[in-house]
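Here is a short report on a protein model and its ligand. Look at the structure first, then read on.

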Amino acid sequence: MRNILVTGGAGFIGSNFIRFLLAKEAPLNIYNLDLLTYAGSLENLKDLPEDGRHHFIQGDICDSDLVKNLMKEIDFDTVVHFAAESHVDRSIFNPGQFIQTNIVGTFNLLEAARTVWLAEPAVLNNKRFHHVSTDEVFGALQPGDPAFNENTPYSPRSPYSASKASSDHLVRAYYHTYHLPVTISNCTNNYGPYQFPEKLIPLMILNALEGKPLPVYGDGLQVRDWLYVEDHCEAIYRILQNGKIGQTYAIGGNNQPGNIEIIETICAILDQLQPDSIHVPHNKLIKYVTDRPGHDRRYAMNIDFIHQELGWSPAKDLKSGLYETVLWYLNHPDWVGAIRNRGDYAQWMQSNYTRR
Ligand code: NAD
Ligand code: DAU
């Protein structure tokens, strides 16, 4: 029986990962440590199989005693660390929480693993600490620059990406200094079911459905490399199974559309799925607004290494992934309602608009 600690498993990618893992492997116990910040919700876990393999623990990775005691109490063979403050816009307006969660929280987990796992070096062969990180640590590309890869020097440019870069450095330091059995993945923009509607794709879908403005930052020609969340889960799974200790893996979607192209595509899908809506054509809702400060122009990831080493490449193409995602939000009005009523969503959206 495997014991896996997943941090941040009530968030977007973490909850998808838990669902993915429970479908993939039978004998295992998943312990999901999540603080349930505004970004995490038990709503994201409602459809998990009720077979006793998922154990939810509400708690803070910044609480070092809690994390250490948990790791002493349960003999984890694997840690998959998703928990983080993840929204770039929020990091611009409130950077302090990003330093705490992303840096101090990661440090606490590493320290707990060091203290508990390294006390018994004989068992280390069966241990694995996987750190989930982002392509944003590599900075921004200009048009025509080659894509990021595992060897790209770090150059973070927002408080979010700087805090994630710091956490990556800590993870690397624990590998080199203490031989903690770590792996790291740096992934591009995810999209799919259960994503909190402060991020581009769900925000555009839900605003368009309600006839609200679709805020395009700057000229809308910024470029992201979009990956369907299930493909990210599969990549992490392969790293856990066959990844090399101490190795970083670059993960991406192999596509680089401009933001405005993504937004136009979502509008076209909604026109097709909701032809009778008074908001058709939905792209009339597009509104250009003040740009994000320090907005990274372009991200792109070279995924040759993970493809060669672990045979992974994205299974879902962007067109069908976007269509299925729009459909998922249309088919889950209860989830949408619950999320909208939660935490500071309304307040954040309001203040965000006021700023523009
Ligand atoms: P999310 O914001 O949807 O979820 C984060 C989760 O972490 C939430 O459930 C929240 O409650 C929990 N959390 C926050 N602070 C915590 C704390 N102090 N203690 C315990 N739990 C806490 O984020 P996401 O989009 O699912 O991203 C997950 C991870 O993947 C992050 O580390 C992020 O940097 C990374 N990542 C995200 C993307 C993306 O496109 N979303 C891409 C690459 C990497
Ligand atoms: O690249 C990986 C990163 O992708 C992850 O590490 C982050 O956790 C995740 O939030 C995401 O960061 P981005 O800043 O790229 O994602 P976001 O959805 O916030 O924005 C995507 C692009 O869309 C970006 O260029 C900003 C733009 N945008 C976003 C919003 C919310 C808009 O034009 N309008 C908007 O309202």
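## Polar contacts to the ligand

A polar side-chain atom of Tyr160 lies 2.6 Å from an oxygen atom of ligand 1. That is a polar contact, meaning a pair of N or O atoms within 3.5 Å. Asp60 also takes part: one of its polar side-chain atoms sits 2.7 Å from a nitrogen atom of ligand 1. Asn190 uses its backbone instead, with an N or O atom 2.8 Å from an oxygen atom of ligand 1.

Taken alone, ligand 1 exposes 840 Å², and the protein buries 97% of that. These areas come from the Shrake-Rupley method with a 1.4 Å probe.

## The shell

How many residues surround ligand 1? There are 28, and the closest include Tyr160, Asp60 and Lys164. A residue is near if one of its heavy atoms lies within 4 Å.

By class, the shell has 13 nonpolar, 12 polar and 3 charged residues. Strand E5 (128-134) gives two or more residues to the shell, as do helices H1 (12-24) and H5 (159-178). E5 has the largest share, with 3 residues. Helices (at least four residues) and strands (at least two) are DSSP runs, numbered from the N terminus.

## An exposed loop residue

Ala26 is found in the loop between H1 and strand E2 (28-34). Ala26 counts as exposed because its relative accessibility is 56%, and exposed means over 50% with a 1.4 Å probe and protein chains only.

## About the model

This model is predicted; local features need pLDDT of at least 70, and side-chain atom pairs need 80 or more, while totals for chains, interfaces and linings use all residues. Residues are numbered from 1 along each chain, chains are lettered from A and ligands numbered from 1 as written, and side-chain values use heavy atoms, without hydrogens and water.

Key: A polar contact is a pair of N or O atoms within 3.5 Å; within protein, one must be able to donate a hydrogen and the other to accept it, and residues adjacent in sequence count only if both atoms are side-chain atoms. Ala, Val, Leu, Ile, Met, Phe, Trp, Tyr, Cys and Pro count as nonpolar, Asp, Glu, Lys and Arg as charged, and the others, Gly among them, as polar. Buried means under 20% relative accessible area, exposed over 50%, partly exposed in between (1.4 Å probe, protein chains only).
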